[in-house]
Amino acid sequence: MTGKQQRFAELLKKHKLRVTKPRIAVLDVISDKEVAVSQPDLEKLLGREIDRVTLYRCLATFEEKGILHKVFDLHGTAAYAMCNASCSAEQHADQHVHFICSRCNQVYCLDDIKLPQLHIPQNYRLEQVGVNAIGICGACNQ
Ligand SMILES: [Zn+2]
Ligand SMILES: [Zn+2]
Ligand SMILES: [Zn+2]
């Protein structure tokens with residue numbers, strides 16, 4: 001295992017998940033990109049190593065545990081990005097703006113923009129907040 005894969009193994013253990021090759025491979029691909037990776041792209045990138053069902057289950061587990069978060073691009077296709085360390089199975093704490101480029105359809109996680117505090121009625125339970133900003137990304141705007 002490389003140092004990076006070792007870190008993913010630690011992450012899986014932290015979330016009480018068994019360390020398996022497909023899980024490491026999925027994290028490896030997603031963490032490599034600065035943009036969210038769409039499910040079809042993941043299938044393309046990992047198709048030789050992981051069958052569809054395993055990939056699907058893997059993504060669902062990661063989302064549930066607070067390792068990955070899902071965001072939809074302009075075509076409604078699911079894309080996945082890494083969560084930060086403060087996310088857990090109870091709550092996704094990395095609530096941030098997703099910038100979706102209307103030219104290249106890439107989804108960027110903009111972690112540094114603070115979201116306003118939402119005052120939710122008392123008997124409601126907040127699990128996730130999402131803000132999508134749509135426009136032209138830096139790469140397309142050159
Ligand atoms: Zn999260
Ligand atoms: Zn773009
Ligand atoms: Zn994100």
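Colleague: Is H96 buried or exposed?

Modeller: This is a predicted model, so the answer is computed from predicted atoms. H96 has a relative accessible area of 3%. Buried means under 20%, so H96 is buried.

Colleague: Which residues are the protein donors of the zinc ion (ligand 3)?

Modeller: The donor residues are spaced H-x26-H-x1-H-x10-C in sequence. Their donor atoms lie 2.0 to 2.2 Å from the zinc ion (ligand 3). The protein donors are H69 (NE2), H96 (NE2), H98 (NE2) and C109 (SG).

Colleague: What is the geometry of the site of the zinc ion (ligand 3)?

Modeller: The angles among its four donor atoms are 101 to 114 degrees. Four donors count as tetrahedral if all angles lie between 85 and 135 degrees. The site of the zinc ion (ligand 3) is therefore tetrahedral.

Colleague: What spacing do the donors of the zinc ion (ligand 2) follow along the chain?

Modeller: The protein donors here are C101, C104, C137 and C140, each through SG, lying 2.3 Å from the zinc ion (ligand 2). Along the chain they follow the spacing C-x2-C-x32-C-x2-C.

Colleague: How many residues apart are C101 and C140?

Modeller: C101 is in strand β4 (residues 97-101). C140 is in the segment after β6 (131-135). The pair links distant parts of the chain, 39 residues apart.

Colleague: What is the relative accessible area of C140?

Modeller: C101 counts as buried at 0% relative accessibility. C140 is partly exposed, a class that lies between under 20% and over 50%. The relative accessible area of C140 is 22%.

Conventions. Residues are numbered from 1 along each chain as its sequence is written. Chains are lettered from A and ligands numbered from 1 in the order in which they are written. This is a predicted model: local features need pLDDT of at least 70, side-chain atom pairs count only at pLDDT 80 or more; totals for chains, interfaces and linings use all residues. Side-chain values use heavy atoms; hydrogens and water are left out. Donors are N, O and S atoms within 2.8 Å of the metal (3.2 Å for Na, K and Ca); water is not among the atoms, so sites may look incomplete. Four donors count as tetrahedral if all angles lie between 85 and 135 degrees; four count as square planar and six as octahedral if opposite donors are over 155 degrees apart and all others between 65 and 115; anything else is irregular. Buried means under 20% relative accessible area, exposed over 50%, partly exposed in between (1.4 Å probe, protein chains only). Helices (H or I, at least four residues) and strands (E, at least two) are DSSP runs, numbered from the N terminus.
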